[in-house]
Amino acid sequence: IGNKINIVVKQQVDFPSSYAHRSKLKKIRISRAELEYLLVRQDVLSAVQCLWIEQVHLNQLSMLLGERMEQAEAIKTHVETMMELGEVGPLEYSQANLMAASVEGEYEELQSERENIRLALLEMTGGTLVEIRDTSFPDPVIIEADSLLAAYRSGPGAQLHERSREEKLSEKNLAQSQHLPKLSAGSFSEAVTTEAFRGFTVGISVPLWENSQTVKTAHAAIVQSEAELDLYLYDQEKEVRQKLTSLESLRSRVEKLEEALDSANSLDLLASSMESGEISLSEYFYTSDFYFRNQQLLLRYKRDLLTLEADLMKIYL
């Protein structure tokens, strides 16, 4: 009877609501990518701020150590003269020499640290050389705890977790829509020898066991994402409050140490007192080193204060 030729063209489409859920899911994922970019941007800008703070801190230390080196060399020269006159012995000269060598070693180590910061900034700026010559810090800002916490609750990190929850919800809705009947339409052509039949086909299919666990899995993912959002908000608020407590502690230490150093004798006055014989050489070594170490400590407190402040305020970047 001849060859039989069948030609069938058919297109199957999901239930209309599936396309709406897919479109919403796509928008949510785009929003998540934008929020992830904002978080990375905040971290990068905050890291650059911290590098600037560290560089200013090293500039301050460099000035302090430079002054200390000059004083140490002056004391060393003075002790050499005293030893030539027989007023002091080799022990005092050794102490003066050791103090000068120690301060010089600290200064050289500091210059190495400054170079490391310069290279780190060079990397962060993509090869653009940035020279930071500042030697003073800006005044600390007043941070309102409530407004800061509100900013974190609505910040990119919280929004990212919220988008994750919305994404899981959309995935569940999409999974449910895929269990709805599917529509199909097409045309067919059948030919046998000289006879030909042509027509259209319309159909509907009802899923029974296909992806039967998809909706349950999606629902469990929603519950998990909600728990992760609650945990994130709790941990974030706890961390911010702990940092605010540390910030207040640092401010208190800075104020107390500044007052104590203001009331103490300066290094220049100590050197003059030693040269005039009011205090002994050993007293000068002990007192000047104690004064100098506390000056360093004050600078470190101020650096830590601004670094912590920058970390808290990065939510506004």
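Tutor: Before we look at any packing, one convention: axes are lines fitted to C-alpha atoms, for helices over the stretch in contact, and angles run from 0 to 180 degrees between N-to-C directions. Helices (H or I, at least four residues) and strands (E, at least two) are DSSP runs, numbered from the N terminus. This is a predicted model, where local features need pLDDT of at least 70 and side-chain atom pairs count only at pLDDT 80 or more, while totals for chains, interfaces and linings use all residues. Residues are numbered from 1 along each chain as its sequence is written, and side-chain values use heavy atoms, leaving out hydrogens and water.

Student: What elements does the protein chain have, and in which order do they run?

Tutor: The protein chain has seven helices and three strands. Starting at the N terminus, the order is β-α-α-α-α-β-β-α-α-α.

Student: How do I read a pair of packed helices?

Tutor: Two packed helices are described by the angle between their axes and the distance between the axes. Here, helix α3 (residues 145-153) packs on helix α5 (residues 214-263) at about 145°, and their axes are 10 Å apart. The crossing of α3 and α5 is right-handed; a crossing is left-handed if the near helix is turned anticlockwise from the far one by less than a right angle, and right-handed if clockwise.

Student: Which residues of α3 and α5 meet?

Tutor: Contact means heavy atoms within 4.5 Å. On the α3 side you'll find A145, L148, L149, Y152 and R153, and they meet L233, Q236, E237, V240, R241 and L244 in α5. That contact divides into seven nonpolar, one polar and three charged residues. (Ala, Val, Leu, Ile, Met, Phe, Trp, Tyr, Cys and Pro count as nonpolar, Asp, Glu, Lys and Arg as charged, and the others, Gly among them, as polar.)

Student: And at what angle do α2 and α7 cross?

Tutor: Helix α2 (residues 90-124) and helix α7 (residues 281-313) cross at roughly 15°, with axes that come within 10 Å. The α2 and α7 crossing is left-handed.

Student: Is L299 buried or exposed?

Tutor: Buried means under 20% relative accessible area, exposed over 50%, partly exposed in between (1.4 Å probe, protein chains only). L299, found in helix α7, counts as buried because its relative accessibility is 14%. Leaving aside residues up to four places away in sequence, L299 touches H57, Q60, L61 and L64.
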